[in-house]
Amino acid sequence: MQLSISHRTTYRYARPVSLLPHRMMLCPRGQYDLRLMATFLTCSPSAHIEWTQDVFGNLIATATFPDMADTLIIDSRITVDQSATDWPVFRIAPSAHSYPFSYSDDDAADLGSLRQPNHHDEGGMLAGWLARFRSGGPTDTLTLLKDINAAVHGGFAYRTREEEGTQPPSETLRLASGSCRDLATLFIEAVRLLGLGARAVSGYVYDPVADETGGDQHGSTHAWAEVYLPCAGWIAFDPTHGRVGSANLIQVAVARDIGQIAPVEGSYTGAPEDFTDMRVEVTITARRDRKAA
């Protein structure tokens, strides 16, 4: 299935301002079940764009602007081929079938900070919540992770948040709600308390149910998590939708923390009141090859 993704970010200012360099993570990471077919990135006013990679291998475009402007438009258009199955079979190493298990020395060293909680567990709230999934003896590793993922999906309400940043897990537990990045962070921190390697992912999600007629989908960017299990590799867990596996997910960037992989980051020289508005428009269109009857 080919997916075409249009992602437009528009900033408006009360008067022309000097735009400082903007850092963009908008180009998907290629993998065996997600092939990048085409990419097109433009800015208005025109900008000089340089491409680099960060420590996680994410593709980063940095735009520098020679001219002042009262409007900045960043327009990304990509086409990918998504072939991930809806019902994946994960070939986990026998040594990791049951939790608890130990990573190899090499895996443990390479995972490093991805096994360390990134937020203080205020009052042991997260550990207390996580205890309900722990039994007295060994348990099936994948079932344990699926149960945690399902509990976040079923026990916490999705809530759109316009504010920047991510809620600490303790706040998400108190409110029993959060944005996709908040729910992904809660899941990641819970998994790290178990000693497992987990990372944050940003990208897009395609909803085939909302697209049954072949029309466009209007939405935003999405955040989820991945957990590393020996032999199986990185397995996607999307607590916002209660899904496991990469089907309908378009991975753009991965990192230790979701705050490291914002789609667009930048600023300007001027007064705070010069900024008036920001708008993000994301449209996903699917194209399936259909055989003639």
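**Close-up 1. Helix α3 passes helix α5 in a right-handed crossing.** A crossing counts as right-handed if the near helix is turned clockwise from the far one by less than a right angle, and left-handed if anticlockwise. The model is predicted, with local features needing pLDDT of at least 70 and side-chain atom pairs pLDDT 80 or more, while totals for chains, interfaces and linings use all residues. Residues are numbered from 1 along each chain as its sequence is written, and side-chain values use heavy atoms, without hydrogens and water. The axes of α3 (residues 141-155) and α5 (residues 180-193) come within 10 Å and cross at roughly 150°, which makes the two helices roughly antiparallel (over 145 degrees). Axes are lines fitted to C-alpha atoms over the stretch in contact, with angles from 0 to 180 degrees between N-to-C directions. Helices are DSSP runs (H or I, at least four residues), as are strands (E, at least two), numbered from the N terminus.

**Close-up 2. L72 in strand β6 (residues 69-82).** Leaving aside neighbours within four places in sequence, its contacts (heavy atoms within 4.5 Å) include T9, Y11, L19, H22, P45 and F65. The C-alpha atoms of L72 and G165 are separated by 22 Å.

Close-up 3. The whole structure has zero disulfides, a disulfide being a pair of cysteine sulfur atoms within 2.5 Å. C27 is buried at 5% relative accessible area, and C180 is buried at 11%.

Conventions. Buried means under 20% relative accessible area, exposed over 50%, partly exposed in between (1.4 Å probe, protein chains only). Angles under 35 degrees count as roughly parallel, over 145 as roughly antiparallel, 65 to 115 as roughly perpendicular and the rest as oblique.
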